[in-house]
Amino acid sequence: GYHNPGALAVPETVRGWMASGDIGYVREGQVYFCGRKGDMIISSGINIYPEHIENYIKANFSGTVKNAVIFGEYAPEAGTEYPVLVCECKGVDAQARSRMIAALRSQIKRDFDVTMRNVMLVPSGWIIKTTSGKVARAQCREKYLEGERLV
C-alpha cells in the first residue's frame with residue numbers, strides 16, 4: 001500500500017495515518033520508510049526518492065564520493081521535474097571527471113531506471129547540511145539554481 005495523501009494535509013492522525021511528512025507503507029505488520037514527501041521528485045509521472053539513490057551512490061562510490069544530494073529541477077518546456085545529482089568528490093582529476101560522471105549516470109539508469117538531467121562533481125563543502133548533519137536538499141537546489149555550480 002501507499003501513503004494516504006489526504007492525511008498529509010492535516011496535522012492530526014486521520015484513520016490511523018499520522019501527518020508526519022514521511023512516506024511509507026505497512027506490509028505484514030512491518031512499517032517501511034520510503035522518504036520525505038517534500039524530497040520526492042516526480043519526473044514524467046515516476047516517483048523518485050532521492051535518499052535511496054544517494055545512499056546507493058555513497059555505498060558504491062565510497063572511494064571517491066564523500067557526499068551526494070539529488071533534487072528536482074523543473075523543466076517548463078517538458079512540464080515536469082528532472083533529477084539532478086551533485087556529488088562531493090575527492091581525488092578526481094580532470095581526466096577522470098567525465099568517466100566518473102558517465103559511470104554514475106550508467107549505474108543509476110541501470111539500477112533505478114532513472115536518468116539524471118545533470119550530474120555535477122564538486123569539491124567538499126558544496127553540499128549544505130542541516131544542524132543535525134542531514135543533507136538540506138531544498139537549500140542545495142536553490143544554490144544550484146542560483147548558478148553556484150562550483151565552489
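1. The model is predicted, so local features need pLDDT of at least 70 and side-chain atom pairs count only at pLDDT 80 or more, while totals for chains, interfaces and linings use all residues. Residues are numbered from 1 along each chain as its sequence is written, and side-chain values use heavy atoms, without hydrogens or water.

2. Three strands form an open sheet in the order 5-6-7, with mixed pairing. Strand 5 and strand 7 are the edges, each with a single partner strand, so one side of each has no neighbour in the sheet. Strands (E, at least two residues) and helices (H or I, at least four) are DSSP runs, numbered from the N terminus; two strands pair if DSSP finds at least two bridges between them.

3. Strand 5 and strand 6 run antiparallel and are joined by 10 bridges. Phe71 stands opposite Val84 in strand 6.

4. In helix 3 (residues 137–145), the residues Arg137, Cys140, Lys143 and Tyr144 are buried, that is, under 20% relative accessible area (1.4 Å probe, protein chains only; exposed is over 50%, partly exposed in between). These residues lie on the same side of helix 3, because they cover an arc of only 120 degrees around the axis, taken from the directions from the helix axis to the C-beta atoms.

5. Glu73 belongs to strand 5 (residues 65–75) and, at 15% relative accessibility, counts as buried. Which residue's side chain does a polar contact of 3.4 Å join to that of Glu73? The partner is Arg117. A polar contact is a pair of N or O atoms within 3.5 Å; within protein, one must be able to donate a hydrogen and the other to accept it, and residues adjacent in sequence count only if both atoms are side-chain atoms.
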